[in-house]
Amino acid sequence: MKVKGLLVIAMLFSHSIFSQTEISVGGYLGGGSFNGNSTSIAGFTSSFFVEANLPLFEEVFPRLSYILTKDFNAILPNTNQPYNPFIQGFSFKGVTTQYFDNKMFLEEGVGLLALNDRTFIDTNVWDYGIVISISAGFDLRNYNLKGFKIGAGAEYGITFINTLPRYSSIHIFFQFVI
């Protein structure tokens, strides 16, 4: 537990610890499916992440994400459904990026995943597994250190114990490098 706390602190305060560190924040929004001990449910997917370019890793940037996948009925008007299933969790990925030219890039990530399965009203179980992602996009910084990246991508998360929740997402993303 102390190691996790130290990693989170080092990532959040990396700009003051390491003088040439880039920190970026971002998120994505899209559609996909999820399930636990149920059939697949169509839903919207969203995420918020923090990424740091730590000098501890070369070419791989650590990214900490919060993930929420919820039934589409939760955002539709005039639904009287008393409970909308969802899955939420955290992931810790290593992300690497390849640039095709000064603007276009391909980004891949793989890491660890902790998901809270809430697909049924009486289910509240944490499960652990892996997450993989791939994205393509445009870097709008024009050789500046700060600025925006935008693009589209896909992500898949699967767990290996308890109710075996998993999700898949196709989304658009944004990232702001501070």
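Here is a short chat about the predicted model shown above.

Me: What pattern does the protein chain follow along the sequence?
Reply: The protein chain reads α-α-β-β-β-β-β-β-β-β. Helices (H or I, at least four residues) and strands (E, at least two) are DSSP runs, numbered from the N terminus.

Me: And what do the eight strands build?
Reply: A closed barrel, running β1-β2-β3-β4-β5-β6-β7-β8 with antiparallel pairing. The twist averages 25° from one strand to the next, using lines fitted to C-alpha atoms and angles from 0 to 180 degrees between N-to-C directions. Two strands pair if DSSP finds at least two bridges between them.

Me: Which residues face each other across its pairings?
Reply: Tyr 28 has Ser 47 in β2 as its bridge partner, and Glu 51 stands opposite Arg 63 in β3. β1 (residues 23-35) pairs with β2 over twelve bridges, and a hairpin of five residues joins β1 to β2. With β3 (residues 61-71), β2 has nine bridges.

Me: Switching topic, how much of the whole chain is buried?
Reply: 42% of its 178 residues.

Me: Anything to know about numbering and cut-offs?
Reply: Residues are numbered from 1 along each chain as its sequence is written, and side-chain values use heavy atoms, leaving out hydrogens and water. In this predicted model, local features need pLDDT of at least 70 and side-chain atom pairs count only at pLDDT 80 or more, while totals for chains, interfaces and linings use all residues.

Note on methods:
Buried < 20%, exposed > 50% of the residue type's maximum accessible area, 1.4 Å probe, protein only.
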